[in-house]
Amino acid sequence: MAGELAFEQPLVELRKKIDELKQFGQEKGIDFGEEIARLEERHAQLQEEIYNNVSPAQKMHLARHHQRPTTLDLLPYIFTDFVELHGDRMFGDDMAIVGGLARFGERPVTVIGHQRGKDTKENIARFFGSPHPEGYRKAQRLMRQAEKFGRPIITFIDTKGAYPGNTAEERGQSEAIARSMLDMAMLKVPVICIVIGEGGSGGAIALGLGNRVLMLENAIYSVISPNGAASILWKDASKADQAAEAMKITAADLLEFEVIEEIIPEPKGGAHRDYEATGLAIRDVLERQLGEIGGLSAETLISERYEKFRKIGRFASDAILPNS
């Protein structure tokens, strides 16, 4: 097992006992077959109990797992002939967002996604998956190109949020995010957005205005990170687990609120256990979803996209405003 989290420790300890008993039996020439079979059965039961009852806080840790597949990890299992395109033609190339051309089956598509690193060096180069304005402007350039040539757009969301430093603010971070949202709202081609890890704040929604929004089973999606919410509510970022439990950030919550259209199942234990199985699950759902909207007119796509996001957060005014 790789990179186990705290709630998985009972499984780790039981697996260790099974392996030790197997090794001892081989060394001493003793048959522990029945004992091992009982322990294996208990391991399977415990695995079901743990992974069928993952809490929101535990899902947050799975979504942030350092070995969770990134956009570039998943692309080979979903698309063929991917060609990465670089730069925003204004300032530079932000490595926190990757994008380019690919084929989905026989259909040409444009693919854009957040990209974090797998080690410290790569994370620094990619700003830990938190884009600068030039990253969003690169995405906008690729979206306009896709619209010009009639290619569907697939985005992969995986960021704690847009880069918060002075350099990003100096180059117009808020405008870049707002422009990205406006451009996506008006695109005349099908747009499907998939939250594959952590979808945080405006940095995520800048790639999230799609006709369909999908989420991996253990991904999270929220207006602010649980750490940020804990810092505001309790002045203590260490209470992120408590915030995650209260914020309704899981795929199941967001499906219920109609923020997303579908949950994509992950391998047992999380997407980091099997990149290929995760990618193929995304491909299957993407094929069906794209088939449903691929033939819609530009007017219908824009109208449906508008209605989808307008209905999010509806409330009854008399439930909030006091009687005069």
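Asp, Glu, Lys and Arg count as charged, Ala, Val, Leu, Ile, Met, Phe, Trp, Tyr, Cys and Pro as nonpolar, and the others, Gly among them, as polar. By these classes, the lining of the second largest pocket has seven charged, six polar and two nonpolar residues. The structure is a predicted model.

**Largest pocket**
- The space in the largest pocket comes to about 360 Å³.
- Its lining is made up of 16 residues, and the closest to the pocket centre are Tyr 221, Ser 222, Val 223, Leu 254 and Val 259.
- At least two lining residues come from helix H9 (201-205), and at least two from strand E7 (220-222).
- Twelve residues of this lining are nonpolar, three are polar and one is charged.

**Second largest pocket**
- The volume of the second largest pocket is about 250 Å³.
- Of the 15 residues that line the second largest pocket, Arg 64, Arg 116, Asn 123, Phe 128 and Lys 160 lie nearest its centre.

**Nonpolar cores**
- The largest nonpolar core comprises 53 residues, and Phe 79, Phe 156, Ile 194 and Ile 282 have the most contacts inside it.
- Beyond its neighbours within four places in sequence, Ile 282 is in contact with Leu 74, Ile 78, Phe 156, Ile 194, Ile 196, Leu 216 and Ile 264.

Conventions. Residues are numbered from 1 along each chain as its sequence is written. This is a predicted model: local features need pLDDT of at least 70, side-chain atom pairs count only at pLDDT 80 or more; totals for chains, interfaces and linings use all residues. Side-chain values use heavy atoms; hydrogens and water are left out. On a 1 Å grid over the protein atoms alone, a cavity is a set of points where a 1.4 Å probe fits but cannot get out, and a pocket is an open set with protein on both sides within 12 Å along at least five of seven lines; lining residues have an atom within 4 Å of a point. Grid points are joined across faces, edges and corners, and a volume is the space filled by probe spheres set on the points. Helices (H or I, at least four residues) and strands (E, at least two) are DSSP runs, numbered from the N terminus. A nonpolar core is a set of buried Ala, Val, Leu, Ile, Met, Phe, Trp, Tyr and Cys residues joined through side-chain atoms within 4.5 Å. Buried means under 20% relative accessible area, exposed over 50%, partly exposed in between (1.4 Å probe, protein chains only). Contact means heavy atoms within 4.5 Å.
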